[in-house]
Amino acid sequence: MYTQGLDQRGDNAAAPARADDPAALAAFQARIDREEKIEPNDWMPQGYRRTLVRQISQHAHSEIVGMLPEGNWITRAPSLRRKMILLAKVQDEGGHGLYLYSAAETLGVSRAELVGQLLAGKAKYSSIFNYPTLTWADIGAIGWLVDGAAIMNQVPLCRCSYGPYARAMIRICREESFHQRQGYELMLKLARGTPDQKRMAQNALDRWWWPSLMMFGPSDRDSVHSSQNAAWKIKRVSNDELRQKFVDVTVPQGHFLGLTFPDPDLKLDEGTGHWNHGPIDWAEFNRVVAGDGQCNRDRLAARRKAHAEGAWVREAAAAFAAKRAHARAAKAAE
Amino acid sequence: MERRAALFEYLLRLGDSCLVLGHRVSEWCGHAPELEEDIALANVALDLTGQADMLLGYAARIEGKGRDADALAFLRDAWDFRNLLLCERANGDFAHTIVRQFLFDAWQAELYAALARSTDAGLAGIAAKGVKEAQYHLRHSGEWVVRLGDGTDESHARAQAALDEFWPFTGEMFETDAVATELIAAGIAPDMTPVEAAWMRTVDDVLAQATLARPKSGWMQTGGSKGRHGEELGHLLATMQFLPRAYPGAKW
Amino acid sequence: MTTENRADWPLYEVFVRSRNGLAHRHVGSLHAIDGTMAVEMARDVYCRRAEGVSVWVVPSASIVASDPAQKESMFEPMVSKVYRHPTFYEIPPDVKNI
């Protein structure tokens, strides 16, 4: 994924003027319509660049913040096998955050800048990670529901018009294929386990079901970014379509577990074959997005703490590299 | 000492050290100084936990009482644990974590290399796989010791403080008691004298590059192999063993 | 724009050979202190599933790239040189081994 340095040509003084140039815009749209991938050095409208930086960095932040609720259970995983699975999975999330920050960096913004936005509380990340992981079953519910919802969202992004983002998503989707399966397997173990374990699984489903549906974002009717992003082929399938697809595949999986969904309106429409769900509490969604979820403050505090406590390490490493580079230069000058 | 009992005891020492240190390193997941290092530390924790799984699984088979690796990991109390005291020490800052890891890796890489030639095929097989992991861990922790030691004044001071704190815990790695003597005689475990010499060479080499001073070897802490642990292990186990203890008999 | 530029680690591009016989292929980028650590980071970040047998890292700033604005003058002249391809030549089917 190419660099900030290479990309600066796209940000030179002439760019804003060209951005207004209808001919350039039309040529750009024609490339998109021909399903050509846009690469870092290519000319692109400022709005396209801005949208991508916003979306990719939000996605990256979500992966990084998402390490916290699951990481909360690594030291309490109930078997060596589960400990290794969970650790590998949370590590993957870190890797995915890294791939995505790299993709965003090709657009001329540094990781330090993006992380700075997150730590300053100015950047958004997926609302789901502001809910707490209370019991071990939450690890299963996250894998099954949250990763399941994420996959629905991410698979179409593999065809996104921006090359580095699409390539990162292909890698991420390939690696995440085990994430959902391990979550469902975990739930299955609980659902077929002792009465306490089954109760634990049901309790987790009760708490995670609605937040999972909210992960797809506001209804298409209320989504501000939808139409332009669709034209640019950044987001290729709408929020509501993805949400419906998720509900349709997930409900039978839940029934197989012998669990009940916390939605009295959930009903199969025999005509369409779709599972219709009850109304989503968008007030809760907006509250969590705005910062008043149960864990928003804790999540940011944890990221800020890690960043602050890591500062001397990053500085030491940079100082060491500078010393060695200096020594090499001195030697070469001899 | 009966050889089978000695081998069981020896495997617990190796396995518990991996388990406990792997647990400590896993505590960093999501909290490391930089994203790349977060991922690197998770790999170390994964390797160590995998080694613990194999070593404790083998210990359980040698014991032959129907226990498995999980039963040994999750259903023993602190005084039955046989890990090195060094492994249970709290993470502290990044310098403490790295120095602890380096001292351990340098020991484990030498020990596994020797154990790969063990007359016990089971142990030799585990060590042959583990030595590649240990050598990589050593490379990584060694690189970091050099960078922290020769980085800024602050990082140098932190690394030296960690080294001074952990040095008295290194003597335990080379103890030879009745268990070890029995196994050394049978060619199952190696003589620790050359292992210690090789360890010291590695340590001296890296500390020199890091501009860190090797502490004087005075009184060395001991007790891990007898189950005489520090207070921190009990808290670690309370966290680690919570679920199997709270829901006896449940499968996960 | 950044709060601690002095400690920002430089960006490296990562190339992985997936198995012997194949060329190294660009897989992504990462931040590292120096080349030595970049290789180790690349192993942990991009080879977690045994994707490689060899890794190259290159400081991103060292890459010199062609200018996409000159793509047409750079590459289109080659498109018309069809005589470089074997299919350009007509040989009677009776002639074998050519």
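User: What makes residue pairs between chain C and chain B count as being in polar contact, and how many are there?
Analyst: Six residue pairs between chain C and chain B are in polar contact, with both residues at pLDDT 80 or more. The term asks for a pair of N or O atoms within 3.5 Å; within protein, one atom must be able to donate a hydrogen and the other to accept it, and residues adjacent in sequence count only if both atoms are side-chain atoms. This is a predicted model, in which local features need pLDDT of at least 70 and side-chain atom pairs count only at pLDDT 80 or more, while totals for chains, interfaces and linings use all residues. Residues are numbered from 1 along each chain as its sequence is written, chains are lettered from A and ligands numbered from 1 in the order in which they are written, and side-chain values use heavy atoms, leaving out hydrogens and water.

User: Why is the meeting of C:Asp34 and B:Arg147 called a salt bridge?
Analyst: The side chains of C:Asp34 and B:Arg147 come to 2.8 Å, N to O. A salt bridge requires a side-chain nitrogen of Lys or Arg within 4 Å of a carboxyl oxygen of Asp or Glu, so the pair qualifies. Two salt bridges are counted between chain C and chain B.

User: Which elements supply the side of chain C that touches chain B?
Analyst: Both β2 (25-31) and α1 (35-46) of chain C give at least two residues each, where helices (H or I, at least four residues) and strands (E, at least two) are DSSP runs numbered from the N terminus. The largest share, eight residues, comes from α1(C). By class this side of chain C has seven nonpolar, two polar and five charged residues, with Ala, Val, Leu, Ile, Met, Phe, Trp, Tyr, Cys and Pro counted as nonpolar, Asp, Glu, Lys and Arg as charged, and the others, Gly among them, as polar.

User: How do you know how much area is buried between chain C and chain B?
Analyst: Buried area is the accessible area (1.4 Å probe) that two parts lose on being put together, summed over both. For chain C and chain B that gives about 1,300 Å², of which carbon and sulfur atoms give 59%. C:Glu40, C:Arg43 and C:Asp44 lose the most area on the chain C side, together 39% of what that side buries.

User: What do the corresponding values show for chain B and chain A?
Analyst: Chain B and chain A bury about 4,000 Å² between them, 70% of it on carbon and sulfur atoms. B:Leu35, B:Leu46 and B:Trp252 supply 18% of what chain B buries there, more than any other three residues. In contact terms (heavy atoms within 4.5 Å), 48 residues of chain B meet 44 residues of chain A.

User: What makes A:Arg111 and B:Glu34 a salt bridge?
Analyst: The N to O distance between the side chains of A:Arg111 and B:Glu34 is 3.3 Å, which lies within the cut-off and therefore meets the rule. Across this interface the rule finds four salt bridges, and 13 residue pairs are in polar contact, both at pLDDT 80 or more.

User: Why are α1(B) and α10(B) described as roughly perpendicular?
Analyst: The axes of helix α1 (residues 3-26) and helix α10 (residues 231-240) of chain B come within 11 Å and cross at roughly 75°. Axes are lines fitted to C-alpha atoms, for helices over the stretch in contact, and angles run from 0 to 180 degrees between N-to-C directions. Angles under 35 degrees count as roughly parallel, over 145 as roughly antiparallel, 65 to 115 as roughly perpendicular and the rest as oblique, so α1(B) and α10(B) are roughly perpendicular. The contact joins B:Leu19, B:Val20, B:His23 and B:Arg24 of α1(B) to B:Glu232, B:Leu233, B:Leu236 and B:Met240 of α10(B), and these residues divide into five nonpolar, one polar and two charged.

User: What makes α5(A) roughly perpendicular to α6(A)?
Analyst: Helix α5(A) and helix α6 (residues 111-119) of chain A pack at about 115°, with their axes 9 Å apart, and that angle makes α5(A) roughly perpendicular to α6(A). The contact is made by A:Leu98, A:Tyr101, A:Ala104 and A:Glu105 of α5(A) and by A:Arg111, A:Leu114, A:Val115 and A:Leu118 of α6(A).
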